[in-house]
Amino acid sequence: RINQINQVLPNTPSYRKSSVIREWIESIDSRMRYYKFEHYRLLQEATTLLELALWKANLDEKEDCSIEGRAKKAKIDTAGARINRRITSGANIVIRNVLPFLQLDE
């Protein structure tokens, strides 16, 4: 796509060159906006997956203590314990430190 202008421009009449260049620039700009949007969408998805993976790892790590076993004995809300693990999984810290490496510079 980028080299297309090098192939088209030499055969373009001089009175049309500026409009051909403008069209080419607009097509490149449009593609860049599309890919930036796609990158942002994939970044959002990756961030969500990373958060869920960290939460699961935290749950698996604490599973040795048998949350459900303790819930039956101490009458602790298992769902509440899972939510608490999600909050205390450290995902916000990890994501905050990983995200800058994945974001595009504007």
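**Salt bridges and a surface patch**

Reply: Glu38 and Arg41 sit three residues apart in helix H2, so about one helical turn separates them. Helices here are DSSP runs (H or I, at least four residues), numbered from the N terminus. This is a predicted model: local features need pLDDT of at least 70, side-chain atom pairs count only at pLDDT 80 or more, and totals for chains, interfaces and linings use all residues. Residues are numbered from 1 along each chain as its sequence is written, and side-chain values use heavy atoms, leaving out hydrogens and water.

Me: How do the side chains of Glu38 and Arg41 meet?
Reply: In a salt bridge, 2.9 Å from N to O. That term means a side-chain nitrogen of Lys or Arg within 4 Å of a carboxyl oxygen of Asp or Glu.

Me: And what links Glu38, Arg41 and Glu45?
Reply: A network of salt bridges. Arg41 also pairs with Glu45, at 3.7 Å from N to O.

Me: How many salt bridges does the structure hold?
Reply: Three. One of them joins Asp29 to Arg33, with the closest N and O atoms 3.1 Å apart.

Me: New topic: which residues make the nonpolar surface patch?
Reply: Val94, Val98, Phe101 and Leu102, covering about 370 Å². Patch residues have over 30% relative accessible area and no salt bridge, with nonpolar side chains (Val, Leu, Ile, Met, Phe, Trp, Tyr) joined within 5 Å and like charges within 9 Å. Areas come from the Shrake-Rupley method with a 1.4 Å probe, and for residues only the protein chains shown count as cover.

Me: Is Phe101 buried or exposed?
Reply: Phe101 counts as exposed because its relative accessibility is 73%; exposed means over 50%, buried under 20%, partly exposed in between (1.4 Å probe, protein chains only). Phe101 is in helix H5, residues 91–102.

Key: Helix = DSSP H or I, 4+ residues; strand = E, 2+ residues; numbered from the N terminus.
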